[in-house]
Protein chains: 2
Amino acid sequence: MVTLAEVAQHAGVSASTVSYVLSGKRSISVSTRERVELSIQQLGYHPNAGARALASSRSNIIALMVPLRTDMYVPVMMEIAIAVATTARTHGYDVLLLTGEEGPAAVRRIAGSSLADAMILMDVELHDERLPLLRETDRAAVLIGLPADADGLTCVDLDFEATGALCVEHLAGLGHREVAVIGEAAAVYERHTGFAERTVDGIRAKAQEAGVRVLHRPCEGGYPAMAQTLSRIFDERPGTTGFIVQNESAVEPLLNLLRQQGRAVPEDVSVVAICPEQVASQASVRLTSVAIPAQEMGRRSVEQVVAKLTGRGTDEVELLAPELTVRESTGPAPR
Amino acid sequence: MVTLAEVAQHAGVSASTVSYVLSGKRSISVSTRERVELSIQQLGYHPNAGARALASSRSNIIALMVPLRTDMYVPVMMEIAIAVATTARTHGYDVLLLTGEEGPAAVRRIAGSSLADAMILMDVELHDERLPLLRETDRAAVLIGLPADADGLTCVDLDFEATGALCVEHLAGLGHREVAVIGEAAAVYERHTGFAERTVDGIRAKAQEAGVRVLHRPCEGGYPAMAQTLSRIFDERPGTTGFIVQNESAVEPLLNLLRQQGRAVPEDVSVVAICPEQVASQASVRLTSVAIPAQEMGRRSVEQVVAKLTGRGTDEVELLAPELTVRESTGPAPR
DNA sequence: TAGCCCTGTCGAAGCGCTTCGACTCGCTGA
DNA sequence: TCAGCGAGTCGAAGCGCTTCGACAGGGCTA
């Protein structure tokens, strides 16, 4: 491995000069800079990450805690993770992938060992165990998601309350008066995952305002679960004409089951989905939907974290405004 | 931050003794060990990762290069990534997430900076640009996937040739003589991604042996693409009674379209899928399938890499044997 | 022309850890 | 009885980098 000292010798300057060329923290004459850069090129020098971290006490690594549960909402998670990784690179950071398995201990470990300069947490619960630790530590952190108490924390998320409201507004505007909400798996609500509960809150609030009756049912993905959930819904509320679905893996089963039951979309029932753009546009009926801006969330969270690390950051909650795209799964309520 | 020296002082021993307690590389008396461990506890000591990496020239980090393309078989990737991360932790390693964006340069950067002790590469192409660099470097590496020339490399993958063969064997055994293969998106073949091509090879070889006619068509996921692909297939081969699908996002569209055309599964046509277990069992028809053992692949790749790092490793190709699970989407060919 | 500041460079002191002798015991075996 | 050994501990020398203070020289201002 080539070292700084070797580069310095090759270029005929001192080690500190090479360091300053690299960091730009002191002015260097053009001729010296060029000579050093040439030596770096020729020798194929790469600064040693460990030494750099030790000397500067900054590792240029951002830790990303993803949920362990592979059952849940996986494509969105992956999209966020990749957006985080690529955005981080453009700011000179690498990303350390932590799974939820370690739990809150991971926060302690990473902060204690100075392995990462900052952390981004996904899958935030309303009363997340990791938050107290996060507040204690001096490490920069950003949540993707919104806990019950966001005080002193920086959060990035889709505005799920507004999302829920938007869906209801759209259906109400089309004359629907009985709406069913197909939610995430029950476990998601049991963990009090922020986004799921907030969506339902937004739906209920707007429904009350608009005079719409709402029935909310959690649902595991897949056919069997969806079939059961659907038949219960129609038992309880035969007059249901609108659906809001917030579970990717329930979307296609729902559409198929409605079809099998002879209910036409959107003539008999309307469906609004809260899901990634791709799912909505590639479903068997092109879905009216509110997109989950996974990439944007990943990108913004990194930008927030980098701002904090460079001292420009503030603690604030950034909620991305939802956008509803009308496609072919919603129409006027039947008479 | 608490340092080794502080722990040493607190416990009344020298720094090196604390270090040996931590690493276990020299024998330590029970009483000293306990005293040191107590101090570590009380002070909440965590070794500084950078200092450790610098002194020992091992970072205890494994780099994982995932493909950038978010469009492509994403859930499998995520599952592998999570399996890699959790398995790595059980061996004392953390995982650095690299996207394909940087390309081969990432290999150079990581190796040069000693940021990671080893690398795991996903989404391997038959003639992958990263391989020459990998062979040059002394870093341990494992591929998830199989390039054309695996000489001197360690690879872990599902045996996709055997997978293809297994699918054909199953259909042939049921009397099917005209089989269509719905493949991955054309771009996947253009990049000469190992697994996609190997599957087709395996299919063709076994088909020839079994006297089965095969028509292979790449297919983007989603309804529009699948509809077009399907109509072309029946135009060209009206007698097609068997399908092999290797594209998660084509599965559900295919089933729906067949249904719409009045072709019953499995009475009129049989469908075998190559996809994650979950997709197969939750589809609208429970699918006969060969599972993609994502977790297993992630786990094995880490174990291989750890073996290499501890000197027990060998260069070898480990192909996981495919298993076909018969469910409700395949049956005897119609007369 | 003296004094000052600015630019560009260097030397040296760490950062916190690992690891290699080296040293001290108390034992064992000849 | 004493060399020799293993167990247990310590001190010191780095690992490769960043960064601080110092300093030389040139161009200003006064």
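**Entry 1. The interface of chains A and B**

I note that the model is a predicted one. For one of these contacts I recorded the partners: R89(B) forms a salt bridge with E102(A), and the closest N and O atoms are 3.4 Å apart.

I then asked how many residues of each chain are in contact with the other chain. The count is 50 residues of chain A against 49 residues of chain B. The two chains bury about 4,200 Å² between them, and 66% of this area lies on carbon and sulfur atoms. Which three residues of chain A supply more of its buried area than any other three? I found H46(A), M78(A) and L97(A), which supply 14% of the area that chain A buries against chain B.

**Entry 2. G112(A)**

I located G112(A) in helix α6 of chain A, which covers residues 104-113. Setting aside neighbours within four places in sequence, I found G112(A) in contact with M1(B) and H46(B).

I also recorded a separation within chain A. G112(A) and A264(A) are 152 residues apart in sequence, and their C-alpha atoms are 58 Å apart in space.

**Entry 3. The six-stranded sheet of chain A**

I traced an open sheet of six strands in chain A, with mixed pairing and the order β7-β6-β8-β9-β10-β12. The edge strands are β7 (213-217) and β12 (324-325) of chain A, each of which pairs on one side only.

I followed the pairing through the sheet from β6(A). β6(A) and β8(A) pair in the parallel sense over four bridges, and V179(A) has G242(A) of β8(A) as its bridge partner. β8(A) and β9(A) also run parallel, joined by four bridges; here the bridge partner of I244(A) is V272(A) in β9(A). Strand β9 (residues 270-275) pairs in the parallel sense with strand β10 (residues 288-291) of chain A, over four bridges. In β10(A), V290(A) is the bridge partner of I274(A).

Which way do the residues of β8(A) point? I found G242(A) and I244(A) pointing one way and F243(A) and V245(A) the other way, and all are buried.

**Entry 4. Helices across the sheet**

Helix α11 (residues 223-236) of chain A lies across β6 (178-182), β7 and β8 (242-245) of chain A, and runs at about 150 degrees to β7(A). Helix α12 (residues 248-260) of chain A lies across β6, β8 and β9 of chain A, and its angle to β8(A) is about 155 degrees.

**Entry 5. Cysteines**

I searched all chains for disulfides and found zero. C167(A) is in no disulfide, and the nearest cysteine sulfur, that of C275(A), is 9.9 Å away. C167(A) is buried, with a relative accessible area of 0%.

The cut-off for a disulfide is a pair of cysteine sulfur atoms within 2.5 Å. C219(B) also counts as buried, at 2% relative accessibility.

Technical notes:
Residues numbered from 1 in each chain as written. Chains lettered and ligands numbered in written order. Predicted model: local features only at pLDDT ≥ 70, side-chain atom pairs only at ≥ 80, totals over all residues. Heavy atoms only, no water. Pairing = 2+ DSSP bridges. Helix = DSSP H or I, 4+ residues; strand = E, 2+ residues; numbered from the N terminus. Contact = heavy atoms within 4.5 Å. Axes fitted to C-alpha atoms, helices over the stretch in contact; angles between N-to-C directions. Buried < 20%, exposed > 50% of the residue type's maximum accessible area, 1.4 Å probe, protein only. Buried area = accessible area lost by both parts, 1.4 Å probe. Salt bridge = Lys/Arg side-chain N within 4 Å of Asp/Glu carboxyl O.
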